[in-house]
Structure formats: C-alpha cells, structure tokens
Amino acid sequence: MLSSIPWSRQALARSGRRPNVSKTPSCLVRRAPTIQPQRALVLKHPPTSPSSWPRESSEPSDNDFWRDIPLWRDVSSRDFLSWGWSVKNIVETRNGLSEFLDAVLPANIPRVKRFGGLQSREEFMGDIWTGIRKSTMAVRLSPYVLSRIDWKDPANDPIFHQFIPLGSMMIADHPMAKLDPLNERRDEPVEGVVHRYPDKALLLPMWVCPTYCTYCTRAHGVGANTELVTKQSPKISLERLNKAFDYIESQEGLHDIVVSGGDAFYIAPHVLELIGDRLIGMRNIERFRFASKGLAVAPHRFLDGEDPWTDSLIRVSDKARKAGKHMALHTHINHPNEVSWVTEQASLKLLQSGVTVRNQTVLLRGVNDSVDTMSILIRKLAKMVIQPYYVYQCDMVPGVEHLRTTLQTTLDIEAQIQGTLAGFFIPKFVVDLPGGGGKRLASLCESYDRRTGVSKFTQPALKGKGRDNKVYEYYDPVDAHTPARVPEGNPQ
C-alpha cells in the first residue's frame with residue numbers, strides 16, 4: 001500500500017495612469033474578430049523519434065542550441081534531451097549557480113538598458129546574490145531554461161528575468177502585496193483542495209516544480225525555504241490524496257478539477273495515473289486539467305521514450321475520452337524565446353496523441369508587455385495547436401513589483417491584438433482578483449482610476465463568505481502612479 005511518495009531528486013530521476021472612469025468605457029467593447037484559416041503545421045526539425053536524433057557528433061549542429069553553453073559543449077543530443085540527465089544537472093545551489101555563471105558570463109556585461117553602460121562579471125553576480133536574498137522564491141533552473149538565455153546580455157534577457165532576480169531591479173513592494181494574494185488557504189475545506197467557484201476546485205497534491213518562477217503566486221508554499229520565507233508545503237501521501245478525493249466526490253455541484261501545485265510534472269507517473277483514474281471514476285467530475293510548466297522549461301521529457309510520465313498522461317487522456325470526459329494539459333509559456341524545435345516536437349507528439357494543450361501566460365514588465373512580443377507568442381502557440389487560454393495580470397506577491405504592469409498595459413495589448421488572429425486563438429486577458437475574488441476579465445473592471453492606479457471589480461459568480469456584492473481592488477505598481485489610498489491595516 002502506497003503510504004507516502006518521496007520527492008528527492010533521486011526519486012524524480014527514477015520516476016521519471018487618466019481621469020476617473022466610473023464604468024467600463026465604451027472603447028473597451030470589441031468587435032468580434034474575423035476568423036482566418038490557419039496554415040498547416042509544418043515542422044522542419046529532427047523527427048519525434050529519439051532514435052533518429054543526432055547522437056555522438058563532437059561538432060555542434062544548428063539544432064544543438066545547448067552547446068552554446070561551454071559546460072555543455074560536448075553534451076550529446078542523447079544526454080541533453082534525456083529527462084534523467086536534465087534532473088541530474090538542475091542548478092539549484094549557490095555553488096552550482098556560481099560555477100555555471102563563471103563558465104558562461106563574459107568579463108563585461110551590459111547593464112539593464114534603463115541604466116546603461118557595462119558592468120563586470122563580479123558586479124553582475126553580486127547583483128544576483130542580492131536579488132536572491134530579497135526574493136520569496138528559491139532558485140531552481142533546468143538545463144533547458146539555462147540554454148535559452150542570452151548569456152552575453154542576461155540583464156536584458158526576457159527568460160533570465162523570469163527565473164533569476166537582480167537586486168538592482170527590485171523596488172519596494174506595494175503595501176497590499178501578500179504571500180497568499182488570492183487567499184487560497186481561506187478556501188481550503190480539506191488539505192490540498194481549494195474550492196472557491198461553485199463548479200470548479202483546485203487540487204494541490206505537491207509543491208515542487210522543475211524550475212521556480214520569481215513571481216510565483218504560491219510563494220508561501222512552493223519550493224525550498226528562502227531567507228525571507230519558511231515554506232508551508234505538506235508532503236504528498238495516499239492518505240492526504242484520499243481525503244481530497246473524498247471531498248471532491250462528495251460535492252455534487254463540483255464538475256471541474258485543476259490539478260496543480262507546484263507542478264504536475266513532478267507527480268510520479270503512477271500517481272499521475274492514480275489521480276486521473278480517480279477523477280474519471282467520479283460521477284460528478286466532467287473535466288479536469290493537469291497544470292505544468294514542463295512544456296516551457298523541459299519539453300524534451302515529452303519525447304524521452306525511457307521516461308514514463310508522458311505515457312501516463314496520454315493514457316489518462318485516452319481513458320477520459322473513452323469515458324466521455326475531458327482532460328487537458330495546461331502549460332505556461334511567457335515568451336517566444338522559450339520555444340525551440342524541441343517544444344514544437346513535444347507539442348506535435350501531444351497533438352498526435354489526442355492531448356488537448358492550453359497555455360496560460362503571465363504579463364510581465366520587460367518580458368512580454370508589448371503588442372509585438374505577445375502577438376509573436378500567440379502565433380507560435382497557435383502554430384503548435386496550443387490554445388492561448390489566459391493572459392494573467394501578475395499577482396501582487398512580494399518581491400516582484402518591478403515585474404508587474406499597469407492594468408492599462410493589459411487593456412492596450414488586448415485592444416490591439418483583437419482581430420489579428422482567428423478568434424479562437426485570442427486569449428482572455430484576466431485579473432485574478434486579490435483577496436479571493438477569482439478570475440475576471442480585465443475589461444470588466446467597474447472603474448479604473450488611472451491617476452492612482454486603482455481598479456475595482458465585482459465577481460457575481462461568487463456567493464457567501466462575505467463575497468455577495470463585494471468590491472475587489474487591484475493596484476498598479478507603486479512606481480507607475482501617484483500614491484493610492486490604502487485601506488487601514490496591512491494584510492501582509
């Protein structure tokens with residue numbers, strides 16, 4: 001009988017700003033975009049079968065992007081594209097990161113563009129250590145992520161900024177920032193289940209990810225302890241899962257489950273299948289999704305025939321479909337540079353296997369907060385038949401104020417993207433309302449004071465627990481506007 005599931009690295013390797021606006025302005029009303037036919041997906045990269053990838057060549061090919069990293073110049077395709085090798089070579093300690101940086105950084109590095117000039121390697125590394133000390137998230141980096149960063153100019157690289165903090169870029173937190181900005185723990189009837197919406201719940205079986213995002217909305221629990229945060233992350237166990245399953249099955253009005261964490265990529269394959277089987281077998285559950293950043297940070301795992309995780313996912317998808325239920329994989333790609341030929345091949349395999357894939361993006365300042373970048377990302381996703389599902393306003397967590405954008409930025413990008421691509425490939429731009437109000441379209445704000453940066457929303461779908469007619473407020477970054485009035489009592 002399975003009583004607990006170990007989560008050590010060895011186990012993972014084995015298991016694989018304007019005047020006040022009182023109502024939504026009419027300019028936010030959009031015309032329905034004309035749907036244009038989509039071009040066929042044509043991939044000109046190495047085929048899906050690992051057996052036919054280049055193996056032992058000592059010279060880099062155009063496809064061997066990881067060989068730009070001096071430490072991995074002699075790493076073969078077989079190794080780099082292996083999940084086992086990837087797990088063994090994750091960078092997550094100061095010594096490991098220091099060794100990596102020493103190997104990849106030039107003697108002089110451009111500063112962040114708004115500062116200008118050059119800095120020494122040592123100065124840049126010191127900036128990283130300062131950022132890590134100020135961060136709520138530990139650093140954990142997969143080899144794939146490290147290989148997609150431009151190490152000649154990392155301070156201006158959009159992937160670098162998602163995963164490695166720089167102290168020089170960080171600014172004071174908004175006074176309303178919280179470690180649990182969505183108040184998920186208030187809506188946890190049993191450990192590991194967040195039940196807020198009438199027909200949907202969140203199942204959180206684990207708190208580990210292959211790579212940690214600096215802006216994580218669950219910084220209170222995900223990852224290792226930091227100098228600022230002692231994490232509250234219970235270990236996965238069969239007893240804990242069964243209590244969660246019992247609750248889910250007892251709620252007749254509950255029809256939709258999101259399995260997240262953490263990252264479903266780090267659920268052992270047999271446990272992934274156990275969860276899928278249990279959800280499929282519940283009469284009340286009609287659909288469920290596994291949330292994983294795996295396709296963004298370690299897409300090669302989907303192609304590794306020696307790792308059983310993908311086969312388990314596909315089997316669950318097949319069983320759900322045969323039972324007349326819907327299973328999907330929700331991934332998290334924020335910038336076009338995260339996509340390589342490996343991502344394309346992995347998404348093609350999932351498509352050919354009948355797995356529905358959707359993408360959720362977080363809007364981040366200096367990363368993807370432009371129409372051009374967002375348009376390219378959406379088109380890349382569409383080409384891979386990945387549904388661009390949500391673009392989130394960055395949650396108000398500590399340590400990421402420099403990454404948050406104004407609500408106006410979201411509204412502007414949404415307005416300019418509408419109609420440029422088939423309607424079914426246009427994502428919803430949403431705010432996950434602080435304090436537990438759930439998701440709401442950014443354009444449905446009841447008011448938005450562009451001088452103070454305070455936007456107000458209601459959420460008709462949520463009732464009880466003081467939520468009837470409740471007004472939720474989202475605050476633009478502290479450096480974007482004149483100071484806004486903050487309610488008495490810092491909730492942090």
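1. Cys216 is buried, at a relative accessible area of 16%, where buried denotes under 20% relative accessible area, exposed over 50% and partly exposed in between (1.4 Å probe, protein chains only). The closest cysteine sulfur to that of Cys216 belongs to Cys209 and is 6.2 Å away, too far for a bond. Cys445 is also buried, with a relative accessible area of 2%. The structure holds 0 disulfides, a disulfide being a pair of cysteine sulfur atoms within 2.5 Å.

2. The model is predicted: local features need pLDDT of at least 70 and side-chain atom pairs count only at pLDDT 80 or more, while totals for chains, interfaces and linings use all residues. Residues are numbered from 1 along each chain as its sequence is written, and side-chain values use heavy atoms, with hydrogens and water left out.

3. As to the overall fold, the protein chain contains 14 helices and 14 strands; these are DSSP runs numbered from the N terminus, with helices (H or I) of at least four residues and strands (E) of at least two. Of the 492 residues in the protein chain, 58% are buried. The accessible surface of the chain is about 20,600 Å², and carbon and sulfur atoms account for 50% of this area, computed by the Shrake-Rupley method with a 1.4 Å probe.

4. The largest cavity holds about 920 Å³ of space. The lining of this cavity comprises 40 residues, with Thr217, Arg218, Ser260, Gln360 and Tyr392 closest to its centre. A cavity is a set of points, on a 1 Å grid over the protein atoms alone, where a 1.4 Å probe fits but cannot get out; lining residues have an atom within 4 Å of a point. Strands β4 (200-203), β6 (287-291), β7 (326-331), β8 (356-363), β9 (387-393) and β11 (438-441) each contribute at least two lining residues. By class, the lining of the largest cavity has 18 nonpolar, 12 polar and 10 charged residues.

5. The second largest cavity has a volume of about 50 Å³. Among the residues lining this second cavity are His161, Met169, Thr214 and His402. By class, its lining has 6 nonpolar, 4 polar and no charged residues.

6. The largest pocket has a volume of about 530 Å³. A pocket is an open set of grid points with protein on both sides within 12 Å along at least five of seven lines. The largest pocket is lined by 26 residues, and Ala138, Tyr212, Gly223, Ala224 and Asn225 lie nearest its centre. Two or more lining residues come from each of α4 (94-104) and α5 (121-134), and α5 gives the most, with 3 residues. The lining of the largest pocket has 15 nonpolar, 5 polar and 6 charged residues.

7. Finally, Arg186 is located in the loop between α7 (160-163) and β3 (193-195). This arginine, Arg186, is partly exposed, with a relative accessible area of 41%. Arg186 and Gly435 are 249 residues apart along the chain, and their C-alpha atoms are separated by 9.6 Å.

Technical notes
Grid points are joined across faces, edges and corners, and a volume is the space filled by probe spheres set on the points. Ala, Val, Leu, Ile, Met, Phe, Trp, Tyr, Cys and Pro count as nonpolar, Asp, Glu, Lys and Arg as charged, and the others, Gly among them, as polar.
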